[in-house]
Protein chains: 2
Amino acid sequence: MSYLEQSFSVKFEYKIYFTSSLFDTGNPILANFFKEKPSEALRKIFFVLDKGVADAHPNLVTSIRAYFAQHSDVQLINDIMIVPGGEASKNDTALFDQLVEAVNVYGIDRHSYIAAIGGGAVLDLVGYAAAVSHRGIKHIRIPTTVLSQNDSGIGVKNGINYKGKKNFLGTFAPPSAVLNDDQFLLTLNDRDWRSGISEAVKVALIKDPEFFYWIEANTAQLVARDMDTMNYLIKRCAQLHLNHIAGDDPFETGSARPLDFGHWSAHKLEQLSNFSVLHGEAVAMGIALDSTYSFLTGMLTEEKLQRILNVMLHLSFDISNPFIQINDTESPILRGLAEFQEHLGGKLTITLLTDLGTGKEVHQMDHKLLIEASNYVLNFTSTHAGLPLSDH
Amino acid sequence: MSYLEQSFSVKFEYKIYFTSSLFDTGNPILANFFKEKPSEALRKIFFVLDKGVADAHPNLVTSIRAYFAQHSDVQLINDIMIVPGGEASKNDTALFDQLVEAVNVYGIDRHSYIAAIGGGAVLDLVGYAAAVSHRGIKHIRIPTTVLSQNDSGIGVKNGINYKGKKNFLGTFAPPSAVLNDDQFLLTLNDRDWRSGISEAVKVALIKDPEFFYWIEANTAQLVARDMDTMNYLIKRCAQLHLNHIAGDDPFETGSARPLDFGHWSAHKLEQLSNFSVLHGEAVAMGIALDSTYSFLTGMLTEEKLQRILNVMLHLSFDISNPFIQINDTESPILRGLAEFQEHLGGKLTITLLTDLGTGKEVHQMDHKLLIEASNYVLNFTSTHAGLPLSDH
């Protein structure tokens with residue numbers, strides 16, 4: 001036997017900018033981004049907008065055109081595509097086809113850009129179409145929700161669904177840049193505003209105790225929609241997610257997914273509720289369940305568990321929603337465990353907590369203990385809702 | 001303005017094995033490959049075969065099943081999918097859909113493998129489906145033609161066509177392994193056997209003078225289908241391609257494509273001939289044209305040009321095929337220049353020769369000089385065909 005060996009490394013770099021009013025003609029961020037990457041090529045940029053964002057910001061298309069009229073390092077494709085938002089956009093393969101056709105019709109090459117403005121689902125859809133067109137067109141993400149600004153929009157994954165299976169088709173493809181504009185958060189309804197906070201609680205609980213204490217001390221300001229507080233939360237949450245991606249296994253070749261703490265039940269819950277429960281809301285419920293399970297196995301003290309549950313209640317999350325209740329070993333939510341294992345491939349790997357800020361992987365979950373955990377959360381909610389946070 | 005910065009590197013490694021009778025139960029290569037990567041996961045392997053290969057090797061499916069019955073570190077999916085070979089397979093999106101559906105039906109996860117056995121087109125199609133399913137299923141390539149064993153099957157690209165545009169959809173996704181089995185070469189017809197040799201001449205001309213001299217000295221053995229000579233050619237050509245990919249810009253973010261020497265006209269020629277001219281045959285013609293153009297600009301001596309043209313003639317390539325003749329500035333082949341530029345994005349970058357083994361990039365080509373080059377090749381062919389190679 002003889003063989004040749006191929007080995008090389010590819011470096012990926014991008015920035016996540018934090019700004020206000022990105023398309024104000026006086027805002028230099030986007031213009032400078034293109035200036036800093038001079039090119040002899042004629043570069044085009046094609047915008048795709050989440051319909052929800054376009055509706056809430058009726059001047060957005062006009063602002064984008066005015067911005068590129070003034071800053072002309074790249075040539076704006078005048079047609080701006082509007083796609084429905086939310087998970088539905090990832091189920092509709094016709095939208096993917098339309099994006100590919102746009103690349104074809106507008107002659108968008110590998111030196112050009114596709115920019116997506118919207119929630120996580122639209123960013124996932126557009127990111128996937130960009131990643132596979134011409135083997136990868138440069139992609140700019142402009143996330144408009146708390147969830148996408150602090151988590152789903154800033155990472156390296158994209159994808160669409162196939163026959164109801166989440167992200168069945170997709171790639172790992174780092175964006176060229178992420179631009180977080182806090183003005184988009186102003187028009188979110190309260191559920192969307194709050195929903196992304198649970199991903200911050202999640203990453204704090206597995207990675208950063210100080211950040212958890214900070215969230216615990218700021219639940220009132222977060223619920224009251226104080227923008228400075230939210231901006232801090234988003235930036236810290238984004239940083240923790242970025243560190244995780246860069247540090248470990250960026251393209252997820254292994255089986256562990258610590259950032260999926262609380263997610264095995266959350267994914268199933270979204271599906272069981274036909275997506276009437278938002279991802280962040282489902283994650284809040286999943287965190288409550290797995291934190292309680294951590295306590296019941298003896299890994300986490302009850303006092304710490306109750307601080308977590310109290311934070312969720314003070315953030316107005318409905319952690320005892322009927323969809324997550326586990327009454328017996330046949331409860332549909334338990335199928336989420338098998339599906340999570342299938343998604344990872346290989347053996348089941350679930351992150352639990354040993355402390356506020358410390359995760360620990362386990363490889364099985366006891367169904368009876370999960371029923372007990374579900375009952376604990378239900379009982380806790382009915383007795384603690386509305387009480388002040390315990391001192392600490 | 002504030003920002004966070006993301007930066008990480010991803011290392012890619014794989015081996016290209018050279019063997020005979022890969023699926024002989026006594027051949028340890030594939031079995032050892034899986035043993036060397038122990039996994040707690042249940043790993044499956046799904047095979048996709050090029051119909052041309054399956055027809056030429058009627059025992060192949062039986063051999064694969066016998067091999068995995070004996071070597072059971074991974075579980076063979078008993079159903080083996082057979083797809084049509086050649087460029088047509090990349091035009092038929094239904095084949096892509098069938099592959100994705102197979103991933104779904106057989107529960108092939110990210111710890112499992114999809115193996116493709118076939119020519120470059122089938123490897124491109126299957127590689128693309130593997131790369132986007134579950135954000136990347138491990139992919140094993142078993143190329144069966146000279147062209148795919150020495151060039152197209154060993155690199156990092158995959159893709160399918162869209163509305164007739166070559167590789168419009170695809171990714172950069174290094175395989176887990178490449179397995180070159182020389183027994184597949186035995187059943188190639190003479191055109192397929194010869195066709196891949198032109199990619200070796202190409203890479204020799206831009207990278208490795210000694211390899212060009214070796215080819216020049218071995219044209220008779222190559223045409224006579226001497227297997228040892230062909231095995232040396234394939235391995236050296238593969239090594240030069242691998243070095244290029246690893247050294248420069250593996251995922252081709254820039255505009256230069258030195259390995260596409262001779263390819264701007266070759267791509268167009270394949271299309272104009274409705275793919276009746278094979279890729280390697282078209283590349284031989286493209287090399288003849290661009291080498292002659294190099295001479296006419298004064299970059300290359302006529303003696304060296306004639307050595308190149310003689311090698312092509314001695315390898316029985318029809319370098320004066322009517323499809324490549326450029327009679328005037330409206331000749332359809334010239335549209336290949338604009339299309340090549342569009343494919344690269346940015347400015348036109350063409351590799352020419354200053355010596356046997358040395359390429360040089362230029363950014364424009366003169367249409368009148370191309371007409372002259374075309375006439376030169378035609379005249380050379382009519383006066384030199386059948387003559388012995390010049391001494392050197």
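I take UniProt positions in the numbering used here, with feature names shortened, and annotations of this kind may be inferred rather than shown by experiment. This is a predicted model, in which local features need pLDDT of at least 70 and side-chain atom pairs count only at pLDDT 80 or more, while totals for chains, interfaces and linings use all residues. Residues are numbered from 1 along each chain as its sequence is written, chains are lettered from A in the order in which they are written, and side-chain values use heavy atoms, with hydrogens and water left out.

**Entry 1: domains of chain A**

I looked up the UniProt record, where an unreviewed entry lists "domain: 3-dehydroquinate synthase N-terminal" at residues 81-194 of chain A. For secondary structure I use DSSP runs numbered from the N terminus: helices are H or I with at least four residues, strands are E with at least two. Residues 81-194 of chain A come out as 37% helix and 25% strand, with end C-alpha atoms 28 Å apart. The unreviewed entry in UniProt also gives "domain: 3-dehydroquinate synthase C-terminal" at residues 196-321 of chain A. I found 69% helix and 0% strand in residues 196-321 of chain A, and the end C-alpha atoms are 18 Å apart.

**Entry 2: the two chains**

**Entry 3: A:Thr144**

I found A:Thr144 in the loop between strand 6 (138-143) and helix 7 (146-152) of chain A. A:Thr144 is buried, at 3% relative accessible area; buried means under 20%, exposed over 50%, and partly exposed in between (1.4 Å probe, protein chains only). A polar atom of the A:Thr144 side chain lies 3.3 Å from the backbone nitrogen of A:Gly119. Beyond neighbours within four places in sequence, the contacts of A:Thr144 include A:Val53, A:Ile117, A:Gln149 and A:Phe184.

Helix 14 of chain B (residues 279-296) has 18 residues and reaches 25 Å from first C-alpha to last, close to the 26 Å expected at 1.5 Å a residue. That expected span is 1.5 Å times one less than the number of residues. Of the 18 residues in helix 14 of chain B, 17 are buried. B:Gly298 follows helix 14 of chain B and has a positive phi near 90°.

I noted positive phi in residues other than glycine too, including B:Glu252, near 50°, and B:Ser316, near 65°. B:Glu252 sits in the loop between helix 12 (227-247) and helix 13 (263-272) of chain B and is buried at 17% relative accessible area. B:Ser316 is in the loop between helix 15 (302-314) and helix 16 (335-344) of chain B and is partly exposed at 38%.

Conventions. Polar contact = N/O pair within 3.5 Å; in protein donor to acceptor, adjacent residues only side chain to side chain. Contact = heavy atoms within 4.5 Å.
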